[in-house]
Amino acid sequence: MAESKEVILSKEYLEKLEDELEYLKTKRRPEIAEKIKIARSFGDLSENADYDEAKNEQGEIESRIAKVEDMIRNAKTIEVDVNSDEVGVGNTVTVYDEEFDETLDYKIVGTAESDPVKGFISNESPVGAALLGKKKDDRVEVNTPNGKMYFTIKNIK
């Protein structure tokens, strides 16, 4: 069996995953088992839409449980160095986007936590990778699928 990739997580996100896993195992699993039990009592399973739906839902929940367990098992929590003058995973970086003439805040996170709409970008994304190791006032060139972008780092928190 192939080894799973290390998953970089903040302590907060790891706790969120642990809470989700607990909920799935203690609440959702029993709810689905009860749905299946009720659907079975209706008789012929070959034409039982309730049974099929409950079994599909059970498969989705078991898949999510396995994924969350795997992420927790392979988690590497990040310790943010608040005194660092270099961008690292866990830092929030304020950048000036030259193309759009705007200032943006990005929090650099692991891929499991990324949510670009909320400003959480992966350390493996083009922008995240380009910012890593840079310092305040550095001009950063980012190669993206849509061409080059240029940022100036204004602040690192």
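Predicted model: local features only at pLDDT ≥ 70, side-chain atom pairs only at ≥ 80, totals over all residues.
E141 and K148 form a salt bridge (a side-chain nitrogen of Lys or Arg within 4 Å of a carboxyl oxygen of Asp or Glu), with the closest N and O atoms 2.8 Å apart.

Residues are numbered from 1 along each chain as its sequence is written, and side-chain values use heavy atoms, without hydrogens and water.

By the salt-bridge rule the count is 12.

| Pair | Closest N and O atoms |
|---|---|
| E141 and K148 | 2.8 Å |
| E124 and K5 | 3.0 Å |
| K135 and D85 | 4.0 Å |

The pair of E124 and K5 links distant parts of the chain, 119 residues apart: E124 lies in the loop between β5 (120-122) and α3 (126-131), and K5 in the segment before β1 (7-9). Helices (H or I, at least four residues) and strands (E, at least two) are DSSP runs, numbered from the N terminus. E124 is partly exposed, with a relative accessible area of 47%, whereas K5 is exposed at 55%.

A network of salt bridges links R28, E31, K35 and E57.

For residues 84-157, UniProt lists "domain: Transcription elongation factor GreA/GreB C-terminal" in an unreviewed entry; such annotations may be inferred rather than shown by experiment. Over residues 84-157 the chain is 8% helix and 45% strand.

How values were computed:
Buried < 20%, exposed > 50% of the residue type's maximum accessible area, 1.4 Å probe, protein only.
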